[in-house]
2 protein chains.
Amino acid sequence: MSDLVLGMDVGGTSSRAVIADLDGRILGRGTAGGGNPTSRGVGPAMTAIGAAIEAALAGGAEGPIDRARLRANVIGAAGFGATDAYAALATMWHELGVPGEPVLVGDVEVAFASGSDALDGSILIAGTGGVAAAIIGGTLGPMADGLGWMLGDHGSGYWLGREAIRRTLQPGRDPADPLGDLVSQRLTGTSLTGEWVVDRLAILTAAYALEPVRLSEIAADVVAADEAGSRQAGEILASAADELVTTLAGIHRPDDGPVVVLGGGLLSSTRLGELVADHILARWPRTTLRHTGSGAGGAAWLAARNLGIDLPASVHAALTRS
Amino acid sequence: MSDLVLGMDVGGTSSRAVIADLDGRILGRGTAGGGNPTSRGVGPAMTAIGAAIEAALAGGAEGPIDRARLRANVIGAAGFGATDAYAALATMWHELGVPGEPVLVGDVEVAFASGSDALDGSILIAGTGGVAAAIIGGTLGPMADGLGWMLGDHGSGYWLGREAIRRTLQPGRDPADPLGDLVSQRLTGTSLTGEWVVDRLAILTAAYALEPVRLSEIAADVVAADEAGSRQAGEILASAADELVTTLAGIHRPDDGPVVVLGGGLLSSTRLGELVADHILARWPRTTLRHTGSGAGGAAWLAARNLGIDLPASVHAALTRS
């Protein structure tokens with residue numbers, strides 16, 4: 001029987017595992033709840049990660065997978081920094097009978113690997129948050145932004161929501177622009193009254209009553225308003241693209257590798273993703289642009305590469321197909 | 001006996017009252033704790049406001065003041081918007097035996113009046129927060145920013161603190177710049193280690209453990225670093241000045257009145273105040289620049305003006321002297 005690798009993509013809302021052979025064939029898949037030990041707690045995180053692994057080991061049409069065939073693994077995860085979570089992960093690992101020790105790498109490294117088989121390049125992610133990182137010789141180099149909602153994440157979903165509220169409350173805004181009403185509906189459940197003092201108080205009261213990260217929900221309204229022809233939304237998206245490319249520029253060294261991988265919900269098949277791609281190609285014309293694929297597949301690719309075998313690009317493509 | 005006016009400046013941390021005659025002579029002063037009913041609660045706020053009035057009525061060297069001489073009053077206060085606070089204030093007012101009804105105006109109107117006796121002009125305030133407002137015919141016109149720490153207050157103390165952390169965590173920052181160490185000392189109690197990943201985690205952990213508004217405490221470190229020659233701090237202050245003048249430009253109509261009053265701890269005798277003043281004079285060369293004075297005195301001036309008597313500028317100067 002051929003050698004197998006295990007790849008995982010562990011996030012705050014889901015944990016995904018794939019088991020694949022070195023031809024890129026996926027033999028088992030598993031999905032469970034969020035596995036970030038910082039946000040979920042160590043116990044629930046380990047339960048989720050373990051459940052995803054067991055589901056993958058159950059295999060597909062060819063039946064259960066012999067865990068002794070697993071030669072390498074990579075787990076892409078955030079939230080393992082400041083806790084005793086790694087020890088708990090290793091204990092759970094041995095209880096499951098998975099060979100070797102769990103190999104943890106950062107979620108941005110796995111995201112890069114899901115989009116490119118290059119050893120060098122940069123990744124830019126914009127979703128709820130925003131971060132860029134350089135990948136140098138296959139490992140994580142300098143990062144820019146990723147500072148969270150309070151301090152940074154410029155151009156991210158939170159930032160878009162904040163800008164949308166700011167512009168809605170700006171004196172002299174165009175009352176015909178559809179963005180303000182979408183923001184008001186989202187926050188207060190009603191349309192703008194047109195009385196600025198009343199609207200301002202209602203929107204501020206509703207916004208400060210929310211957990212701050214929930215401002216990122218307004219990002220969907222910015223995208224919708226832009227599609228409906230809102231000039232304000234278009235300006236916000238253009239500014240977000242500037243901010244994100246500035247974040248990327250903080251770490252991108254195009255001479256080391258021309259690959260830039262774009263990831264996160266805001267950069268995949270949206271207007272913001274197009275704007276960012278245009279900016280990047282205008283600034284660094286020789287860029288090879290890629291989008292992220294399956295994170296668990298990217299982790300499986302990293303695991304396979306760690307075996308020291310020279311694998312063709314077709315294996316990368318097969319593993320990371322979403 | 002001559003007619004008197006009562007002026008009050010009620011804020012989140014203190015409540016100040018002055019009683020003055022129409023020549024600008026201050027006959028009584030009182031100070032008590034914070035009187036913002038939203039942040040302090042209605043009960044404690046009324047206790048503080050009442051205590052400040054009673055202290056002012058106790059008078060100075062000439063003894064207690066006959067409250068029957070009070071012809072007008074103005075109370076400049078924030079936080080009376082969405083509560084039953086005004087009714088509680090009126091009840092307290094009558095229990096104290098102060099004639100008439102309490103006349104509430106916004107804190108920015110009183111701040112403008114503390115710096116200028118003009119009926120038209122603009123005010124720009126930068127302290128913990130940042131806001132600009134137009135004063136038109138003696139009453140409050142459009143406002144810009146003032147959206148609070150989460151949504152705005154660009155160029156304010158909170159914003160300065162946030163920018164200082166962002167720059168400290170930026171890849172490729174100059175390690176010799178003194179700002180980073182001041183930020184690290186403030187947040188973690190220790191200097192930067194020089195290991196970027198370690199410093200980044202320590203600073204982010206400490207920053208997110210704080211109540212967000214407390215980032216404004218870092219503003220003092222930005223000012224200190226600038227004085228010590230920090231290029232990063234100088235750049236942050238220059239950006240803050242740009243942001244604040246942009247906020248002002250959102251509402252300032254120089255043809256209506258050339259007066260701009262600057263207020264808040266960050267604009268009085270600081271480098272940021274100088275930068276903002278320079279920007280304003282470069283953009284609107286005919287501006288008459290003023291700084292805020294005694295808020296309670298400004299409220300007393302508004303009360304006197306409400307009597308319909310034409311008062312000389314010397315009375316305004318006497319009332320608002322800090």
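Mentor: Two strands pair if DSSP finds at least two bridges between them. This is a predicted model, where local features need pLDDT of at least 70 and side-chain atom pairs count only at pLDDT 80 or more. Residues are numbered from 1 along each chain as its sequence is written.

Trainee: What makes S8 and S10 of chain B edge strands?

Mentor: The open sheet runs S8-S7-S6-S9-S10 in chain B, with mixed pairing. S8 (139-145) and S10 (288-291) each have a single partner strand, so one side of each lacks a neighbour in the sheet. From one strand to the next, the twist averages 20 degrees.

Trainee: How do you know that S9(B) and S10(B) pair?

Mentor: The cut-off is at least two bridges, and S9 (residues 259-263) and S10 of chain B share 4 bridges in the parallel sense. B:Val261, for one, has B:Arg290 in S10(B) as its bridge partner.

Trainee: Why are H7(B) and H8(B) called oblique to each other?

Mentor: H7 (residues 179-188) and H8 (residues 196-209) of chain B pack at about 50 degrees, their axes 9 Å apart. Angles under 35 degrees count as roughly parallel, over 145 as roughly antiparallel, 65 to 115 as roughly perpendicular and the rest as oblique. H7(B) and H8(B) are therefore oblique.

Trainee: Which residues of H7(B) and H8(B) meet?

Mentor: With contact meaning heavy atoms within 4.5 Å, B:Ser184, B:Leu187 and B:Thr188 of H7(B) meet B:Ala202, B:Ile203, B:Ala206 and B:Ala207 of H8(B). By class, that contact has 5 nonpolar, 2 polar and no charged residues (Ala, Val, Leu, Ile, Met, Phe, Trp, Tyr, Cys and Pro count as nonpolar, Asp, Glu, Lys and Arg as charged, the others, Gly among them, as polar).

Technical notes. Chains lettered and ligands numbered in written order. Heavy atoms only, no water. Axes fitted to C-alpha atoms, helices over the stretch in contact; angles between N-to-C directions. Helix = DSSP H or I, 4+ residues; strand = E, 2+ residues; numbered from the N terminus.
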